Amino acid sequence: MNAPIPMLTILTFLPAAGALLLLAFGGRNKNLTRSSALVFSLLALVLTLILWTHFNPASGSLQFQEQHAWIPALAVDYHVGIDGLGLLMLLLTSIVVPIGILASWKIQERVPLYFSLVLILQSCMFGTFTALNFFHWFIFWELGLIPAFFLIKLWGGSRSTKAATQFLVYTMVGSIALLLSFLAIFLATKKFDFIDLAALAQNGQLMPSVIDKLAWHRFTPQHVALIVFAGAFLGFAVKVPLVPFHTWLPSAYAEAPTGTTILLTGAMSKMGLYGFLRILLPIFGPQMQVVRTPMLCLAVATIVLSAYAALAQKDLKRVFAYSSINHLGYCLLGIFALLKFTGADPALTAEKYAALNGVFLQMLNHAITAATLFWFVAMLEQRSGGLRGLNDFGGLRKVAPVFTGLMGIALFSSLGLPGLNGFIGEFLIFKGSFPLAAWATSLSVLGLLATAIFILGILQRVFSGPLNQKWIGFPDLTLVERVALAPVIGLMFALGLYPQLILGVVNSTVMQMVQHLGF
Amino acid sequence: MLAWTIYISFLGAAGLLLLPKGSTIAARILALLTAVAGFAIALAAFIQHRSGELFTITRIPWVASLGIEYRLAADGISLTLVLLTGIIAITGILFSWNIQERTKEFFAFYLLLIGAVYGVFLSYDLFLLFVFYEIVIIPKYFLIAIWGSTRREYGAMKLAIYSFAGSAMVLVGLIAAYVEAGARTTSLSDLAQYPFSPHFQMAAFPLVFVGFAILAGMWPFHTWAPTGHVAAPTAASMLLAGVVMKLGAYGCLRVAMTLFPLGLGPWGAHHLGFGSWRDVFAVLAVIGIVYGASVALVQKDFKFVIGYSSVSHMGFILLGLMTLNQIGLSGAVLQMYSHGILAGLLFAVVGRMVYNRTHTREFAALGPMNLSKAVPFAAVTFVIAGMAAMGLPGFSGFVAELMIVIGVWRSYPLLAIFVGIGIVVGVVYVWRAMQKAFFAERRTESAPPHEPLPPISFPERLGAIILIAASVMVGIYPQVLLNVIVPALNSPLFAGLRQGSWQ
Amino acid sequence: MIPIDYAQLFQLASPEVIVVAAALIAMAIDLIVLRKRPTCIRFAVAATIAAIGCAAAILRILLVPDVANILDGTLIANPLVHLVQIALLSLTIFTLVLSVNSTFTQHVGEFVLLILVATAGTMFLVASQDLLVIFISLELLSLSLYTLAAFNKRSLQSWEAAIKYYLFGGMSAAFLLFGFSLLYGLSNSTSLTHIAGAIHGPSLNPLLVIAIVTTTIGLGFKVAAAPFHFWAPDVYQEAPAPSAAFIASASKVASFFIFFQIMALGFAGSEGSAALPHLVRGWVPVIALAATLSMLLGNLVAIRQTSLRRLLAYSAIAHAGYMLLGIVAHTQQSLAALLYYVITYALATLGAFAVIAVVEDQRGSDQLAHFDGLSRQAPVLSVCLAIFILSLAGIPPLAGFFGKFYLFATVLASTPRPVELLWLVALAVAMSIVSLYYYLRVLKRVYVAAPSTDVEPIQSPALSQFLVILLAAAVLLFGCAPQLLLHWIQAAVQSSGL
């Protein structure tokens, strides 16, 4: 049962170990510190790839499991394991963090502290994606907030404290709601393990026992179940984010140093979606079904409103911030589409597979694309002395053609151009969701439209048009930057042309998840 | 062997007094060695008696005609608290490394206090427990009155009088119980088994419980705590908030609740919405949690924030005691350990790392000093300590508070909501203090340049690391303590409690 | 006519005789041989002779423990009486040691004589259960004490205090005698046991009520219980240190013992009860009232004092209140507790006066301000003073704490249901809290306050240090191992059959 080598534990704590080393010995040589941080994050990537190769794609169940008794009094075990979903999350985190580190190369103040916080954040994310017992899952979930807060506040822009505090407060409130819900479940079932709870839910025993133990005479049983669900839902809705819980995001992304924004958008936002998939769907399936329609409305609102809001922004980071909300909205659409009751209808079930596969792909692709886009913004900032407004530039393709070309690829990927990685995820989501939630999917197309407009707008205003005389000396990409960017751009093409790379690994998990849904 | 924790501390205190005048360094080293020796003995005993069962250390007749014995014994709860005392003793001395005035007297009083505290936790005879409990008061007074800061003489006297008043109440209850049981014995186990009449227990329980709870800072008898802790020098605050307040909670559990378990039972009629003393004290504890946190939120003085936070955290312990179920009680004992460590850490940062250097504790003055750059180690330590105090998972406070909340939910579901509110306010005030003290916004106009603050010395770093490690270790693996606490709660001593309203 | 065996009488009274003889020898030597020597030598010699006399008396008691009862209690010898007499003699020895460094008088021989005569008075006082002998011994003691209090001829306040003492004392002696005469009238006997048998009746005779009240007044004055305490603050403050020490220690021990004897033996049968809410008429409620007033007044007024001696006076009133509780309980156990308490209290007070004597000598007065920073100048004296003061406050592991614990326990155990006298014990404990406040204030001066810079540092004479260390060690020892003293007291009380 337990994996022979505790790969997941090693992977989880490797970046944290690196952080401690940086804190203890960093400080004198900044370049050495930065390089060490990069090395550690790349080591994590290598380990993840090793896991990838040893992963058995045919099986949809948990692999590399480790389970040890920890606090018997609270039914807490140290239980970790990954299936296709977890592996995907690990992969995207391992890709995003090195990008974030590279984008932060020019940070000068308190260098060892910055990179240790980044590595600690990576450990927390690894921990969240591999934990299977609420206790240590919650530990990692909460602990991750702290490095994020400090990264935003200490190295951020002029209003960073306010943004960081808002980020923290929103997420904390959500986490507390989450904690209370799980406490309620624990009090009723004496279990904290996700797998056990999912099994209980599948057998239809979970909610009855919760209602039994916790019912207050003023609430009907359905209400009790919904209240418990609402708590957990809130915790994740804030993180993704889902409109209307998203208001913390634009400021946080804008005020954070761009390297941190990459981490926030690439990896931390996926924690919310992971929560939906790992926790809400298996454990609270029936409750989610009840609120299916409102959820779909919120998903549509998320997609459409954020896309149009992005249109109105003048700050590039805010544009991409809203665009992130929009892209993740598609994932939410796909997830909520799964809630339609299909019974054993094989055609509709196949659509569900498609939708969920699309969600997985979109998570990975958005991570890569968004990270790359913000990386480019960081490069723009460095070259322009801090400017990143939409109208600050113009005609850059004349002086920096390679830059234009590569950023253009990233932008088109974000747009969803076929052949690049951004297309296939969105396509699958739309294809799968349409039969399941026709009107919601149709309305979401509006979001696609707005996205097209603002992406083309960026291309036009930043790169095309007459050259702004200020930027005559705008340097193009250096050799180092080109070498660093090459694998990422290459990945965009590879995933765009051959999505089977990913789908082959996650498909079994997807099918098993849909089958366990029970509706 | 474990009794030597007491004797070594007293011997150390005596030895310190015999040192020649002006031997500051020798005094520090002797004090540290004594504390380390005490801790080592405690740790050895902990490892040896991992089952958590009661074991007798010493038992000799003392005043035979009155049935008083010199009886020392320990179970899991005692061992946990003795460990806590050892850790705080060592770190307190490390954080007092810089005391220059009357150094050997300082450490002599300190070791005297430590020895008496060990004595309370190891006593199994009520008279002996009370003797050690009272001995604590005098060194406490002098530590604050001589080496303290703000309003130290007033704070010290208030603290001493409140503590003495509490122990006076306990004394009356004690003598009454002794006489009622035939004036034959003061042994804890014998008196616990004696069938006091329910009427007697109904009256004796609140008397003795409140007497101990005064020292534990129960609302509304808590007012000595913020004043006293703020006035005290760092090591004394660490010891007072960290350990001495736990003496009160320990007394509540070990004496009041075991001797008079029927006192917790229902009155039969409801007065003001309360149905038993248990209800009353549970509500008072919750008020303490919320009140302490709320008042901490509006303080302008950094140390007062920590002082009031101690009142709030002690409320958790008292509430856990009133849940009368195993998880709540174990949570309460675990919180005794956890808050002991964390209070020590918080006072160490505020008192030694910040106040000793900046000579001010007002947020308005600390903000412009840009402390996160000036003393980064202090900033990091306070962030970690603050997170732990908030109850962030991974630290000892989370597990303890989780267990208490679960226990409260089982016994008083309505109160659990207020506890939640208290936790949330707790997060906010820690955050506020951290922001204002270390990470305040820099004004646009340049502040006048300050002289650089002295760097954090090695003893301070060592002390901080020890305390953080002590909290993290239990946070990650709470079984290490729960393995001894839970069997202790199931021992015959608490049989009366279990038969009562145990759930 | 009952034949008196003078030989037996002499044998029984031999300790007292030794003491008086020593007194006379000391005075003789001082007047004849040492007239021209410096005062300290004279004091040393006289004190030594007196101390040897006392020691000889102790030895006499220890080595030849008679048990006898002459003439229905006129003179008694039993283990209990012996115990108290040994305690009294020891306290006298300590007082003599304290007096060696005195400078307040040239009349050394007379001073030492008076102390020993007072001692003899106390010894007779505790050895008798006959009203007349009690009264005579009491007067012997009191007259000596009045004179001892006035011995500092240079101090006007000392005279004033002594006059007050004398006037008060005289009046209360009159009250006492009146009460005794009533008792004689009611019972036709002066022996306590016979009186008890005679006055016992279904309801209280009004004359008996008057007798109770006047006896309480008389004896209450002696022990400085409120509201008969008005002499105490002045005498404690102004009398020369050895006199005040003696009054505070030995006189207290004897007075409380005889108080207990008279009330418990003489008025046996008309106790009544002080148990709320069922008060029964008798002498117990009267004593309880006096105890309450003493505890309240003594503790509350002590807070305002700036002179250490006056503070000790009010604390003496408060402690008298606690000790009266032992009389309220009137059982064998409570007598044992009372004796333990008063003996250890005497030791602590004596020690405190010894320290005060040193400071007064060099600083001029006993104002608390002169004690500032004493701990840094005279560490040994300070530690011992701390031990004495904390023992008075009732802090373990010192003797005062065990005394209080035992006393309160016996008070509660004296009634069929412990809760009856709980109000008294609760009041006593509550007042102890108040007392801690003013005791700590003294220690605050000694340990916390900085020494004033414009005075000479204190030199502690070796003899004072020796005395103080010895007394502090005794207080500590009796606190940590109370069985040492308690065993002896309990055995003595049981064998005396009170």
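R110(A) sits in the loop that joins α3 (84-103) and α4 (111-130) of chain A. The model is a predicted one, and in it phi of R110(A) is near 50°, a positive value in a residue other than glycine.

With 18 C-beta neighbours inside 10 Å, A183(B) counts as partly exposed.

In chain A, the bond from V243(A) to P244(A) is cis, with omega near 5°; P244(A) belongs to the loop between α10 (221-239) and α11 (249-255) of chain A. In chain B, the bond from W219(B) to P220(B) is cis, with omega near 0°, and P220(B) lies in the loop between α9 (198-215) and α10 (224-231) of chain B.

**Helix packing**

| Helix pair | Angle between axes | Distance between axes |
|---|---|---|
| α15(A) and α20(A) | about 150° | 11 Å |
| α17(C) and α18(C) | about 165° | 9 Å |

In chain A, the pair consists of helix α15 (residues 346-384) and helix α20 (residues 479-497). An angle over 145 degrees counts as roughly antiparallel, and α15(A) and α20(A) are therefore roughly antiparallel to each other. The crossing of α15(A) past α20(A) is left-handed. From α15(A), the contact draws on N365(A), I368(A), T369(A), T372(A) and M379(A), and from α20(A) on E481(A), V488(A), L491(A), M492(A) and L495(A). Sorted by class, the residues of this contact are six nonpolar, three polar and one charged.

In chain C, α17(C) and α18(C) are likewise roughly antiparallel to each other, and their crossing is left-handed. F408(C), V411(C) and L412(C) of α17(C) meet L422(C), L424(C), V425(C) and A428(C) of α18(C). The contact of α17(C) with α18(C) has seven nonpolar residues, no polar ones and no charged ones.

**Contacts between chains**

The contact between chains B and C involves 28 residues of chain C and 27 residues of chain B. On the chain C side, α17 (399-413), α18 (422-448) and α20 (483-496) each supply at least two residues. α18(C) gives the most to this side, with 13 residues. By class, the side of chain C that touches chain B comprises 24 nonpolar, three polar and one charged residues.

Chains A and B meet through 13 residues of chain A and 16 residues of chain B. The side of chain A that touches chain B takes at least two residues from each of α5 (134-143), α6 (145-155) and α7 (160-189) of chain A, and α7(A) gives the most, with five residues. That side of chain A has 10 nonpolar, one polar and two charged residues.

One residue of chain B shows a link across a chain boundary. F142(B) lies in helix α6 (residues 137-147) of chain B and touches F109(B) and Y447(C), leaving out residues up to four places away in sequence. Is F142(B) buried or exposed? It counts as buried, because 27 C-beta neighbours lie inside 10 Å. F142(B) and I421(B) are 279 residues apart in sequence, and their C-alpha atoms are 38 Å apart in space.

**Confidence**

The predictor assigns the complex an ipTM of 0.89 and a pTM of 0.86. Chain C has an average pLDDT of 89, with 99% of the residues scoring at least 70. Within chain C, confidence is lowest in strand β1 (residues 68-70), at a mean of 80, and highest in helix α13 (residues 308-329), at 94.

Conventions
Residues are numbered from 1 along each chain as its sequence is written. Chains are lettered from A and ligands numbered from 1 in the order in which they are written. This is a predicted model: local features need pLDDT of at least 70, side-chain atom pairs count only at pLDDT 80 or more; totals for chains, interfaces and linings use all residues. Two residues are in contact if their C-beta atoms, placed from the backbone, lie within 7 Å. Helices (H or I, at least four residues) and strands (E, at least two) are DSSP runs, numbered from the N terminus. Ala, Val, Leu, Ile, Met, Phe, Trp, Tyr, Cys and Pro count as nonpolar, Asp, Glu, Lys and Arg as charged, and the others, Gly among them, as polar. pLDDT is the predictor's confidence in each residue, from 0 to 100. Axes are lines fitted to C-alpha atoms, for helices over the stretch in contact, and angles run from 0 to 180 degrees between N-to-C directions. Angles under 35 degrees count as roughly parallel, over 145 as roughly antiparallel, 65 to 115 as roughly perpendicular and the rest as oblique. A crossing is left-handed if the near helix is turned anticlockwise from the far one by less than a right angle, and right-handed if clockwise. A residue is buried if 20 or more other C-beta atoms lie within 10 Å of its own, exposed if 12 or fewer, and partly exposed in between; C-beta atoms are placed from the backbone.
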